Amino acid sequence: MARSVLITIAVAFAGAALSAEPQPSKALPPASATAACLEQNSLPNDVFGFNSGSDVNDLGQFSLSGAYGGSFGARSGPLASHNLNVQATYSPWRCVELDPFAFAGVTNSKTFGAKANGSTVGGGIEMKYKLLGRDTNGVGLTFDAVLQGAATDGAFYTLTGRSRSVYDGVFSVFLDKELVAGKLYGALNVSYDWNYQDLGSPSGGYARTSIARIGGALTYQLADSFFIGAEASHFRRYDNLAFGHLLGQATFAGPNFYWAFTKDWALSGAWSIQVAGRATGVGGNVDLTNFSHHIAKLKLNHDF
């Protein structure tokens, strides 16, 4: 399923590019920077589940959201991680979006029979710049950067082990395309996550890892205010900030939905299961050393 979703989306993007008619010999004036952000069929930010589309808020538009994130299952024993994220979204300039956020979470786990529970709290900022619009270029293209930090209290903030503080820098490219006018949309995401952990042990120490991800999603507009779709993402974790040795890989797939139940309120959600993976040096058909078995999210958004 995961491979089929990614291949279908890639073929749709490639087919659209190959089938494009030649441009007339008369040169067209270049689209202005502001025109790149204007779409006749604008898409809500959350219709692709764990993946993202290229749209940003209109100039001056402000939104506020609360999102639950959960991850479940690890090789060392039962694990349930719950996270709440509150994010403000604002566009101070055309094509630019600034999204500060704060989050807190708890982890309940049992590692080889021993309980290992704890909590985490942190915050950061997400920044987006939309370079290309679907209406003027056939595809939408947005650059995204997330910088965040967190303090932890005795828990597994990540599956690699205990830590006292964690810092992340995630850099992404989001592409999307209208595949069937007003009905079917596709998205492709490529991202790289730099992760630094202060392990907080008596002798000191830290861990530096990174995660590369490629993801794809399809969403279908069943009604004016309701979308349903499917997505897949492939992750590869390395033992250094600049790739390094591969620690493990995993592919997730699952459904997503988006429902605008009023003009200003919307509810979206996604769930994915690890369908394939492998940790380096460990047998099995999934990687539960570096990644969870299930991931889920539920988000409530309000536009002002």
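## Notes on the fold, salt bridges and patches

1. **A loop residue to check first.** Phe243 sits in the loop between β10 (226-238) and β11 (246-259). Helices (H or I, at least four residues) and strands (E, at least two) are DSSP runs here, numbered from the N terminus. Phe243 has a positive phi of about 60 degrees although this residue is not a glycine. With 43% relative accessibility, Phe243 counts as partly exposed; buried means under 20% relative accessible area, exposed over 50%, and partly exposed lies in between (1.4 Å probe, protein chains only).

2. **What we're looking at.** This is a predicted model, with residues numbered from 1 along each chain as its sequence is written, and local features need pLDDT of at least 70. Side-chain atom pairs count only at pLDDT 80 or more, while totals for chains, interfaces and linings use all residues, and side-chain values use heavy atoms, leaving out hydrogens and water.

3. **Another positive phi.** Cys95 has a phi near 75 degrees, again positive in a residue other than glycine. Cys95 belongs to the loop between β2 and β3 (96-111). Buried or exposed? Cys95 is buried, with a relative accessible area of 2%.

4. **The salt-bridge network.** Searching the whole structure turns up six salt bridges, each being a side-chain nitrogen of Lys or Arg within 4 Å of a carboxyl oxygen of Asp or Glu. Glu39, Asp55, Lys130, Arg134 and Asp176 are linked in a network of such bridges. The next two points take some of its pairs in turn.

5. **Lys130 and its partners.** Glu39 pairs with Lys130, the closest N and O atoms being 2.8 Å apart. That pair links distant parts of the chain: Glu39 is in the loop between α1 and β1, Lys130 is in strand β5, and 91 residues separate them. Glu39 and Lys130 are both buried. Lys130 also forms a salt bridge with Asp55, where the closest N and O atoms are 3.2 Å apart. Here too distant parts of the chain are linked, since Asp55 lies in the loop between α1 and β1, 75 residues from Lys130. Asp55 is buried, like Lys130.

6. **Arg134 joins in.** Arg134 is in helix α2 (residues 134-137), and the pair is 79 residues apart. Both Arg134 and Asp55 are buried.

7. **Strand pairing.** Strand β5 (residues 118-132) and strand β6 (residues 140-153) run antiparallel and are joined by 13 bridges; two strands pair if DSSP finds at least two bridges between them. Within this pairing, Thr120 stands opposite Thr152 in β6. On to the next strand: 12 bridges join β6 to strand β7 (residues 165-180), also antiparallel. The bridge partner of Phe143 in β7 is Val173.

8. **Nonpolar cores.** The largest nonpolar core has 10 residues, among them Leu43, Phe48, Tyr185, Phe227 and Ala260. By core I mean a set of buried Ala, Val, Leu, Ile, Met, Phe, Trp, Tyr and Cys residues joined through side-chain atoms within 4.5 Å. A second, separate core of six residues includes Ile211, Phe235, Phe291 and Ile295. Leaving aside neighbours within four places in sequence, Ala260 is in contact with Ser225, Trp265 and Ala266, contact being heavy atoms within 4.5 Å.

9. Phe62, Leu64, Leu84, Val86, Tyr90 and Phe304 make a nonpolar surface patch of about 570 Å². The elements giving two or more residues to the patch are β1 (62-74) and β2 (77-93), and β2 supplies the largest share, three residues. Phe304 is in the segment after β13 (294-303) and is exposed, at 60% relative accessible area. The areas come from the Shrake-Rupley method with a 1.4 Å probe, and for residues only the protein chains shown count as cover.

10. Asp46 lies in the loop between α1 (2-18) and β1 and counts as buried at 10% relative accessibility. Beyond its neighbours within four places in sequence, Asp46 is in contact with Phe257, Tyr258, Ser268 and Lys299. Arg208, in strand β9 (residues 206-223), is partly exposed at 37%. Arg208 and Asn195 are 13 residues apart in sequence but 5.8 Å apart in space, C-alpha to C-alpha. With neighbours within four places in sequence left aside, the contacts of Arg208 include Asn195, Tyr196 and Asp239.

Note on methods
Patch = residues over 30% accessible without salt bridge, like charges linked within 9 Å, V, L, I, M, F, W, Y side chains within 5 Å.
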